[in-house]
Amino acid sequence: MVSSYIPDELWESIFKFIIYDDYDYSRCSLSHVSKHFLSITNRLLFSLTLHDESTCCRLLTRFTNLDSLNLTSKYIDLDNLLIEISRFPLKLTSLNLSEQPTIPAIGLRAFSKKITTLTSLTCSHIDSISNSDLFLIAECFPLLQELNFRYPCPSISSIEDSYHQVCSSYVDGIKALSLALIKLRKVNLSGFPLNNESLFHLFNNCKLLQEVIMIRCDAITYTGLAYALRERPTLNSLSFHSFESGEFDTLNFINSLVSLKGLTCLVLYDMNISDELLYSIARKRLPLTKLDLSFCTGYSYAGILRLLTKCQRIQHLNLQGAEYLTDQHVVQLSSFLGDLVYINLSYCDELTESTLLALARKCPSLSKMIMETFGNKIVRLSDSLLQESGVYPQLKSLCLGGNLWFSYEGAIMVASIFPNLKLFNLNACTCSLKVFDLYSCPWLSEGNCQDLRKRCKVTYINLAEWSRMKLL
């Protein structure tokens, strides 16, 4: 065979190129060609999800180059499974134990004694986690660089007092983690019972910390966050939301935030902020590439305009729920968004389809746009507008879900001016790659689909539950 004259290293390079877009399908197809190809593709699998204990030995014997293991299924005995995994000479760097009832303490201890290369641990959505679990992880995995403890927390509306007591009970565990994990760079504690004291320990002790995600950490206040930020001036990514943050602490919080000279990502979800915060970021010219102010209140167009004029490296912009935005505002903002790759303007009631064209014209790198449930009136597009709009091949994904007024003429226009769309979503649903979702579109017909088909490069059409159209 020709394959016997080609070194395995070259075959590996070829196979990596072939399976880049669709890993599972391509690897499976190549493995059926010959035993030689099977052995090569086995070495190219680096991440594995174990669904059943009974397949553990067979799969781990077959795939020897694994560096990531996903254990998120329901198992008979997860402790025993981890002990079994520890007997294989794996160099795992990532382990996911999410969706489990508890932390498998016995199994993790045995696992950590044999597999000492772990740098990433995910334990999200654990039903019950104790302070002793935090001490265990601190002891077993000192090389962790990424830690994800995201899980649902109780609502504070009815048990506020007890929730704050729970947060206090985890302070010692968080302190132990922060002292042991000296290489920690990224942590996700969204929903974790974290208070101001725990946060201070985390920021003060983890000297290499760069990215922190704390969505729905309801015991943290603006004042507590401000003091913690001063302890970690090297932070470059912050995501924060809390129902109990208190009144906006203009002086302390703003000064602490803008002291982060390397901040490239800022996510403030559903928070009460101010124009002064945005003005301060603009004055310091922070190197932001991602700005997410979804459903934030208290600021105006003047604030976001000032920020974008001074911070013109934004690639990811989310202004969901910015009710003040108009088409003219977007035209002005687009002049400062030359590097924009992604934008979300959903639930902006004053916007129309003109915003699509403005962004397409001014943002040459824009590949994904989400404008779900925007505007509140039908816009009839004239032939002259269609002719003047031009063609913009850079856009690959467009989500317009929830816009029940969206007309067939509008869809034709979109398909014409964005010919390289692989996702065109007109449903109020979640987007997935290479999808044209027309669920609930009142103007859908066989002829219209044929027309759209000629105008764009959509590779998958979802007609689920569409009763009016024959499937030819």
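Biologist: How much accessible surface does the chain have, and what share belongs to carbon and sulfur atoms?
Modeller: The accessible surface is about 22000 Å², and carbon and sulfur atoms hold 53% of that. Such areas come from the Shrake-Rupley method with a 1.4 Å probe; for residues, only the protein chains shown count as cover. Please note that this is a predicted model, in which local features need pLDDT of at least 70, side-chain atom pairs count only at pLDDT 80 or more, and totals for chains, interfaces and linings use all residues. Residues are numbered from 1 along each chain as its sequence is written, and side-chain values use heavy atoms, with hydrogens and water left out.

Biologist: What percentage of the residues is buried?
Modeller: Of the 472 residues in the chain, 51% are buried. Buried means under 20% relative accessible area, exposed over 50%, and partly exposed in between (1.4 Å probe, protein chains only).

Biologist: And how many helices and strands are there?
Modeller: The chain has 19 helices and 17 strands. These are DSSP runs numbered from the N terminus: helices are H or I with at least four residues, strands are E with at least two.

Biologist: Turning to Ser346, where does it lie?
Modeller: Ser346 is in the loop that runs between strand S12 (342-344) and helix H16 (354-362).

Biologist: Is Ser346 buried or exposed?
Modeller: Ser346 is buried, as its relative accessible area is 1%.

Biologist: What does its side chain reach?
Modeller: The Ser346 side chain reaches the backbone nitrogen of Glu372 at 2.9 Å. Leaving aside neighbours within four places in sequence, Ser346 has contacts (heavy atoms within 4.5 Å) with Gln320, Gly321, Ile370, Met371 and Glu372.

Biologist: Now Leu50: where is that one?
Modeller: Leu50 sits in the loop between strand S1 (47-49) and helix H4 (56-62). Leu50 is buried, with a relative accessible area of 0%.

Biologist: Which residues does Leu50 touch?
Modeller: Not counting residues up to four places away in sequence, Leu50 touches several residues, including Cys56, Leu59, Leu69 and Tyr75.

Biologist: How many disulfides does the search find?
Modeller: The search of the whole structure finds zero disulfides, a disulfide being a pair of cysteine sulfur atoms within 2.5 Å. Cys56 is in no disulfide, and the nearest cysteine sulfur, that of Cys57, is 5.0 Å away.

Biologist: Is Cys56 buried or exposed?
Modeller: Cys56 is buried, with a relative accessible area of 1%. Cys167 is buried as well, at 0%.

Notes. Polar contact = N/O pair within 3.5 Å; in protein donor to acceptor, adjacent residues only side chain to side chain.
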